[in-house]
Amino acid sequence: MRLCTYISNYAGDMCVQPRDAVLVLPGGGYGFLAEREAEPAAKTFLAAGCNAFVLYYSIGEYAKYPRPLVDVSLAICHIRDNAEKYNINPDRIFVCGFSAGGHLAGAIGTLWDREYAKAAPDMPHGKNRPRGVILSYPVITMGEFTHEYSREMIAGSGPDAQMWRRECSLELQVGKNTVPAFVWQTQNDDCVAIQNSMLYAQALIDHEIPVELHIYPKGPHGMSVVTEETAQGNADRGDPHVGGWVKAALEWMKIV
C-alpha cells in the first residue's frame with residue numbers, strides 16, 4: 001500500500017482551522033487502480049477546502065479480503081494519529097471510493113468494527129471508523145447483481161470463498177454501527193449494475209442509517225469527478241449535470 005497526501009497547511013496570516021479529511025480510493029475491479037479516480041479526485045476535494053489523501057491499496061494477487069480492508073484501516077489510523085501534522089479534524093475523516101474502490105469505502109463504513117478489519121490487534125475500538133463514506137458507482141453486492149471480476153479478485157475460489165462473498169455483500173452486513181453514506185450512480189451504468197447502489201441505500205434506510213442517494217439518468221461508468229481532465233475527450237464523461245455530485249457530496253459532508 002502507498003498513501004499520497006494533498007495538504008494545504010498555511011502558516012502566518014494564512015493559518016486555517018483544521019480541515020475535513022477525504023481518503024480517496026480509486027477503482028479498477030481490485031485488479032488495477034484507475035488514475036482518473038486518484039489524483040484528480042484528491043485535487044478536487046483539496047480545492048473545495050478539504051485535505052485529501054489517495055490510498056493505493058492492495059490489488060491483483062494481494063486483493064483477497066481482508067487485506068485491502070486492513071490497508072484502509074491503517075490509512076485512517078495514520079491520518080488520525082497525524083491530525084495535527086496534516087491540519088485535519090480527526091473526528092471528520094471521510095472515505096470516497098469509486099467503483100471497486102466504492103466497495104472498499106463501503107466496506108470500511110460497514111465492517112470497520114469486525115476483528116479482521118483492525119489495523120493492529122491492539123487497535124483502540126473505533127480508531128479506523130470514518131465519519132462517513134462517499135460511494136461513486138460502487139460495487140456493493142457479491143450476489144445476483146455483482147461485478148463478477150471484483151468478486152473473483154476479493155473472494156477467490158478457495159475454501160473460504162463463500163464466507164467472503166457473504167461478508168463482502170455489504171447490503172447484508174449493514175447494522176447499527178454502519179456509518180452514513182452518500183451514494184451516486186448513473187442509471188445506465190454498463191459496468192456495475194445500478195441495483196448495487198439501490199441495495200445498499202435500501203439497507204441503510206432499513207437500519208435507520210442516514211443516506212443520500214443520487215441516480216443520474218445517463219452517463220458511462222468511470223466518470224470520476226467529471227472534469228475535462230477526467231473526461232479525456234469523451235463527451236459522455238463530461239456531463240456537467242452528473243458533475244453536480246461533487247457539490248452535493250460536499251454539502252452532505254457539512255451535515256454529517
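I began with F94 and W252, and both of them are buried, a word I use for under 20% relative accessible area, with exposed meaning over 50% and partly exposed in between (1.4 Å probe, protein chains only). The model is a predicted one, in which local features need pLDDT of at least 70 and side-chain atom pairs count only at pLDDT 80 or more, while totals for chains, interfaces and linings use all residues. Residues are numbered from 1 along each chain as its sequence is written, and side-chain values use heavy atoms, with hydrogens and water left out.

I next looked up ring pairs, taking rings of Phe, Tyr and Trp (its six-membered ring) as paired if their centres lie within 6.5 Å, and calling planes under 30 degrees apart stacked, over 60 edge-to-face and the rest tilted. I found twelve aromatic pairs by this rule. F94 and W252 make an edge-to-face pair, with 5.9 Å centre to centre and 65° between the planes. Because F94 lies in strand β4 (residues 88-98) and W252 in helix α10 (residues 245-255), the pair ties together parts 158 residues apart in sequence; helices (H or I, at least four residues) and strands (E, at least two) are DSSP runs, numbered from the N terminus.

I then turned to Y116 and W164, whose ring centres are 4.9 Å apart with planes at 75°, so this pair is edge-to-face. Y116 is in the loop between α4 (100-111) and β5 (132-136) and W164 in helix α6 (residues 161-167), 48 residues apart. I noted Y116 as partly exposed, because its relative accessibility is 23%, and W164 as buried at 6%. Y30, Y57, Y65, Y116 and W164 form one aromatic cluster.
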